[in-house]
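Subject: Structure handover and notes

Dear colleague,

Here is the structure I promised to pass on, with the sequence alongside. Please open it first and keep it in view while you read the notes that follow.

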Amino acid sequence: MNSDIAISLKNVSKYYKLYKDPRDRLKEALSPFSKVFHKKFYATNNINLEIKKGEILGIVGKNGSGKSTLLKLITSVLTPDEGSIQVKGKISALLELGSGFNPEFTGLQNIFFYGAILGFSKKDMNEKLADIITFADIGEFIEQPLKTYSSGMKARLGFAVAVHIDPEILILDEVLSVGDVLFKRKSYAKMQGFFENGKTIIYVSHSTNEINRLCTRAIFLLNGEIIMDDEPKIVTKYYEKYLFAKKENQVKVIEEIKNLSYQVEPKLEVSLEKKEHLLDSFNIKNNETPLRVNSNRQKSFFIPGLISNNRTEYDNIFLDI
């Protein structure tokens, strides 16, 4: 695997055996001629994907399209039935609310519990504890059992721990969808810091606005297959076109995607040093938002330092309106 590649998947498939009758499972196990009584359901089918270091990859797709399965394969929660996966770097993943936590433990206990799962000592977690608690900002509930938390509080605590253990790869599956506006803003700022430091992020969301805003690249998953891999605004455009099309017209949308004959332009690596170069390429000023490139294709880059024309400041937290 090349040194600039963080994650590589080659011909990766994960399938489950489906039986029409529960007794068929026993028949298959006892069959002297290895007769098959099941059919395979592919949660992911022949996935080929390379994610470069420093990329923010957005993943879109309907429920059941294979998004969560793909993330579980990357994080080794599941093993592939076919193909190979290579990951270079320490991963921190929030695949669902409260993942890696014990509902009977308090929030404080869960911080150390989750850190231990990831291989951190109590001393290591003590050094990070103050920052985690401050970022989570759940007040006195940090001493209460996790089972008493709301979904938003679980998201706060989970995200706070995940981003403060200094991972090289951060994986988020719809975690920010339950947070309030202030927490989302704070989380976006933290993700920007990851981006500036060359971290790799995989972000799953049903919000196309968030994918367009945060990601440098996106893929569209359907029935366990990647049917589109391109710039976020192009991918989300066709995803929404498919999503809102009548059922009889969805096949036409898929055919349109497969018949696209453009070549993907090289992705630019965005950094603070390259900000001026990017601003020049967009023909914009520092206080303007890049909406469209001077071509027939849209670009979507998370450019550090861009400031909205309307901004409210609360104790160093900036709200772009």
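In these notes a residue is called buried when its relative accessible area is under 20%, exposed when that area is over 50%, and partly exposed in between, with a 1.4 Å probe and protein chains only. By that rule Leu 18 is partly exposed, because its relative accessible area is 38%.

Please bear in mind that this is a predicted model, in which local features need pLDDT of at least 70 and side-chain atom pairs count only at pLDDT 80 or more, while totals for chains, interfaces and linings use all residues. Residues are numbered from 1 along each chain as its sequence is written, and side-chain values use heavy atoms, with hydrogens and water left out.

The chain as a whole

The chain has ten helices and eleven strands, taken as DSSP runs (helices are H or I with at least four residues, strands are E with at least two) and numbered from the N terminus. Of its 321 residues, 45% count as buried. The chain exposes about 17400 Å², of which carbon and sulfur atoms supply 49%; accessible areas come from the Shrake-Rupley method with a 1.4 Å probe, and for residues only the protein chains shown count as cover.

The sheet

Six strands form an open sheet of mixed pairing, in the order β5-β6-β7-β3-β8-β9, where two strands pair if DSSP finds at least two bridges between them. At its edges lie β5 (91-94) and β9 (225-230), each of which pairs on one side only. Strands β8 (residues 217-222) and β9 run antiparallel and are joined by five bridges, and Leu 222 has Glu 225 in β9 as its bridge partner. Helix α8 (residues 232-243) packs on the sheet, where it touches β3 (56-60), β8 and β9, and its direction makes about 25° with that of β8. Contact here means heavy atoms within 4.5 Å, and axes are lines fitted to C-alpha atoms, for helices over the stretch in contact, with angles that run from 0 to 180 degrees between N-to-C directions.

Salt bridges

Side chains of opposite charge can pair when their charged atoms come close. The structure holds eight salt bridges, each being a side-chain nitrogen of Lys or Arg within 4 Å of a carboxyl oxygen of Asp or Glu. One of them joins Arg 217 and Asp 229 (2.7 Å, N to O), and this pair links distant parts of the chain, with Arg 217 in strand β8 and Asp 229 in strand β9, twelve residues apart. Arg 217 counts as buried, because its relative accessibility is 9%, whereas Asp 229 is partly exposed at 29%. Glu 55 is linked with Arg 217 and Asp 229 in a network of salt bridges.

Another salt bridge brings together the side chains of Lys 241 and Glu 256 (2.8 Å, N to O). Lys 241 lies in helix α8 and Glu 256 in helix α9 (residues 247-258), so this pair ties together parts that are 15 residues apart in sequence. Lys 241, at 38% relative accessibility, counts as partly exposed, and Glu 256, at 32%, counts as partly exposed.

A buried threonine

Thr 69 is found in helix α2 (residues 67-74) and counts as buried, because its relative accessibility is 15%. Apart from neighbours within four places in sequence, Thr 69 is in contact with Lys 14, Ala 43, Thr 44 and Leu 78.
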